[in-house]
Amino acid sequence: MNLQTHLQTTIACTDMYRRQGSVVAFNGLVIEAQGLDADVGELCEILPDNGRASVPCEVVGFRKDQVLLMPYADVGGISGRSLIRATGRPLDVPVGEGLQGRVVDAFCRPLDGKGELLLSSRYPLHAAPINPMQRPPITDVMPTGIACIDALLTLGRGQRVGIFAGSGVGKSTLLGMLARHVHADVIVLCLVGERGREVGDFIRDSLGAQGLQRAVVMAATADQPALVRTHAVHASHAVAEYFRDQGKSVLLVVDSITRFALAQREIGLAIGEPPTFRGYTPSVFSWLPRIVERCGRHGAGEISAVYSVLVEGDDMNEPITDHMRAVLDGHIVLTRELAQRGHFPAIDVLQSTSRLLGALANPGDVAQVTEARRILAKVESARDMIELGAYQPGSNGALDQAISAEARIGELLRQSLHQAVPRKQAMQMLSAAITGLVENA
């Protein structure tokens with residue numbers, strides 16, 4: 001009887017007719033269809049009439065009695081005679097342990113030539129938001145192996161931070177150092193809108209074979225449709241959520257969230273959203289916090305997230321930079337001035353902050369960080385006089401001491417790509433720089 005009831009329920013809920021429509025217009029980004037019964041976010045298939053393979057697409061909106069879709073692949077062969085079929089299922093992502101050590105595209109299909117992936121589970125592309133009252137506090141330090149970050153900008157497990165920098169200042173290099181040295185079980189790297197050459201260079205040079213062993217690299221290059229680039233960001237979060245639900249500590253790196261915003265702007269403008277400041281559509285600013293809030297501590301695991309933000313024109317007040325600064329738990333700012341001096345990583349400590357420093361570090365460490373920032377600020381305020389030769393040593397004893405300590409702190413702030421510094425050693429270096437004492441490691 002139970003089986004019969006189950007069969008009756010299944011039959012009653014089953015779609016007993018084929019839901020399909022036809023192409024009526026195509027404007028370069030958006031395909032307009034009529035007669036199609038589909039929901040926003042539903043996966044559909046366009047059936048070319050020349051025998052080519054079907055083209056997957058997503059319902060992104062409606063205009064009067066027409067359905068608006070955006071394709072995930074090349075639309076060659078599609079014509080006004082092509083049919084569009086609704087699949088009846090929302091977008092999801094195949095996930096599994098087999099993803100570790102692999103390079104995949106936005107749909108978790110292999111790009112590295114290491115064979116097919118056998119992934120038995122699927123996760124929704126857009127997860128339900130986490131109840132804010134079920135988020136435990138962030139109390140554990142996440143060592144990154146980067147002395148400047150561990151000593152002065154301490155990060156916690158489950159924290160969301162941004163790396164803000166203009167082009168060519170060293171974002172990707174710093175992200176590679178994080179992925180190589182951080183203390184985490186799994187690294188999920190999402191490379192959005194990168195040049196194809198840069199993907200291979202990042203994996204070989206910045207990440208390395210050792211880093212790749214515990215990483216999942218998802219790439220959506222600049223030549224792919226805007227919908228694929230946004231899909232990669234959502235999919236990378238779904239993959240990170242899978243590993244988090246296995247009780248693992250996950251570091252999610254998105255390079256860059258600015259390119260996601262640009263792709264979402266393309267989509268929004270194509271479907272008729274009104275442009276706002278610098279052409280960004282309202283959907284861009286609604287998606288950014290929704291993406292960030294998918295990370296953090298939840299259940300037995302956590303997702304620590306690092307989003308790189310490409311600061312257009314080195315303007316720290318441009319829309320995406322300003323918005324991301326507001327929704328993250330901290331920001332690490334790289335400046336072109338430091339990079340031009342050969343100071344790498346080019347982290348400007350005075351412009352950077354970790355909002356959880358007070359909760360993660362003990363009072364003694366916090367006092368050292370405060371003193372270091374005071375020293376750096378004092379020297380920075382007098383830098384023009386020092387570089388012009390207008391300042392004479394000995395005329396201000398406090399400034400003389402700050403200049404001496406600043407030189408020692410500078411040694412802590414510089415680090416080579418393949419060098420990892422334990423956090424304990426970084427704090428000892430900071431203490432020695434401030435006090436001028438040589439302490440044994």
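**Close-up views of a predicted protein chain**

**Figure 1. Overview of the chain.** The model is predicted, with local features requiring pLDDT of at least 70 and side-chain atom pairs counted only at pLDDT 80 or more, while totals for chains, interfaces and linings use all residues. Residues are numbered from 1 along each chain as its sequence is written, and side-chain values use heavy atoms, leaving out hydrogens and water. Along its principal axes the C-alpha trace spans about 85 × 50 × 40 Å. Of the 441 residues, 51% count as buried (buried is under 20% relative accessible area, exposed over 50%, partly exposed in between, with a 1.4 Å probe and protein chains only). Among contacts with a separation of 6 or more, 70% come from residues 24 or more positions apart; a contact means heavy atoms within 4.5 Å.

**Figure 2. Surface and charge of the chain.** The chain has 42 positive and 47 negative charges, whose mean positions are 2 Å apart. Lys and Arg count as positive and Asp and Glu as negative, without His and the chain ends; each charge is placed at NZ of Lys, CZ of Arg, CG of Asp or CD of Glu.

**Figure 3. The barrel.** In the order β1-β2-β5-β4-β3-β6, 6 strands close into a barrel with antiparallel pairing. Neighbouring strands of this sheet are turned by 45° against each other on average, direction ignored; axes are lines fitted to C-alpha atoms, for helices over the stretch in contact, and angles run from 0 to 180 degrees between N-to-C directions. Two strands pair if DSSP finds at least two bridges between them.

Figure 4. Strand β1 (residues 20–26) pairs with strand β2 (residues 31–34) over 4 bridges in the antiparallel sense. On its other listed pairing, β1 is joined by 3 bridges to the antiparallel strand β6 (residues 83–90). S22 stands opposite Q34 in β2 and opposite L83 in β6. L83 is also the bridge partner of L47. Strands β3 and β6 run antiparallel and are joined by 5 bridges.

**Figure 5. The loop at G51.** G51 is found between β3 (42–47) and β4 (55–63). This glycine counts as exposed because its relative accessibility is 70%. The C-alpha atoms of G51 and G77 are separated by 8.8 Å, with the two residues 26 apart along the chain.

Figure 6. Most residues other than glycine have a negative phi, and most peptide bonds are trans. D255 and S256 are joined by a cis peptide bond with omega about 0°, and S256 lies in the loop between β13 (249–255) and α6 (257–270). A cis bond also runs from F344 to P345, with omega near -5°; P345 lies in the loop between α9 (336–340) and β17 (353–354). C108 has a positive phi near 65° and sits in the loop between β8 (102–104) and β9 (121–124). With a relative accessible area of 5%, C108 is buried. R278 has a positive phi of about 55°, is placed in the loop between α6 and α7 (282–292), and is partly exposed at 36% relative accessible area.

Terms used: Helix = DSSP H or I, 4+ residues; strand = E, 2+ residues; numbered from the N terminus.
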